[in-house]
Amino acid sequence: MLLWRTKMSSLRRLTSCLRLLRSSKSAAHHKPVRWTNMLYTGVAGVTGVAGVAGVASGLLCAVPFRQVDNLSQDSLIKRAASLVTDSSSTFLSQTTLALIEAITEYSKAVHTLIALQKRYLDSLGKLTAAEEDTIWQVIIRQRAEVNDRRDECKRFHESWFSAVKLCEMASEAAYTSGAEHASITVKTNVQVAQTQVEEVQKLSVDADKKLTEAKVMEVQRMAQHAASSQSDEEDIPEAYLRED
């Protein structure tokens, strides 16, 4: 019986709240209602009652009660714009770090491949068939790693480019919303990220250039080795080649 009375009392309080809301909308010239005090008064009586608490929760979400610090709409928009610039800057920072690391690892992989190829070319004619096969297996695996690192660079570069575009849009939105400081900050972050990426990209460009030179040298050395081997066979006396 006591529980029933509590529920009925809570429902009556919520009904009063709804009536006050309707009357305030139709009488705009009256003094604004203090939504916060009224809502918390209505909700206090329904604590512990599951069904009525759900109605009260929905009412709290639906009513546009006044902010505690009385911020204007312009101030709220500026705050939202600042949040957008902060999150986009975080996205940019993370993708920049990932791209820099990917380019650095790609450059290391390329230089390792170049060193392996040079070692192989320097050993031409000095290796057994088994040793030559072992070195070639290592070179093939390193070439596969270079390709994987290159694909990783492309993937992270796409994410980084999207982050840059997102920051540029966030900066423009912040500026038009009046959040000039947030707009300038995210613009500065974009400039710093672009500078860092440009610097590290010089490593990959240099690595690609050296890899191209190594390939050209490999072709030349292999051709020279083949020609030398053929010449050595021609110099062998016919008596040694003739079968008894």
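Visitor: In which helix is the place of Ser 204?

Guide: The model is predicted, so local features need pLDDT of at least 70 and side-chain atom pairs pLDDT 80 or more, while totals for chains, interfaces and linings use all residues. Residues are numbered from 1 along each chain as its sequence is written, and side-chain values use heavy atoms, with hydrogens and water left out. Helices are DSSP runs of H or I with at least four residues, numbered from the N terminus. Within residues 180-235 lies the place of Ser 204, helix α6.

Visitor: Is Ser 204 buried or exposed?

Guide: Buried means under 20% relative accessible area, exposed over 50%, and partly exposed in between, with a 1.4 Å probe and protein chains only. The relative accessibility of Ser 204 is 12%, so Ser 204 counts as buried.

Visitor: Which residues does Ser 107 contact, leaving aside neighbours within four places in sequence?

Guide: Ser 107 lies in helix α4 and is buried, with a relative accessible area of 6%. Contact means heavy atoms within 4.5 Å. By that rule, the partners of Ser 107 are Leu 203, Ser 204 and Ala 207.

Visitor: Which residues does Ile 139 touch, not counting residues up to four places away in sequence?

Guide: Ile 139 is one of the buried residues in α5. Its contacts, counted with that exclusion, are Leu 113, Leu 116, Gln 117 and Tyr 120.

Visitor: How far apart are the end C-alpha atoms of α5?

Guide: The expected span of a helix is 1.5 Å times one less than its number of residues. The 48 residues of α5 should therefore span 70 Å. The distance between the end C-alpha atoms agrees with this, at 71 Å.

Visitor: Is Phe 91 buried or partly exposed?

Guide: Phe 91 lies in helix α4, residues 73-122. Its relative accessible area is 34%, which means that Phe 91 is partly exposed.

Technical notes: Helix = DSSP H or I, 4+ residues; strand = E, 2+ residues; numbered from the N terminus.
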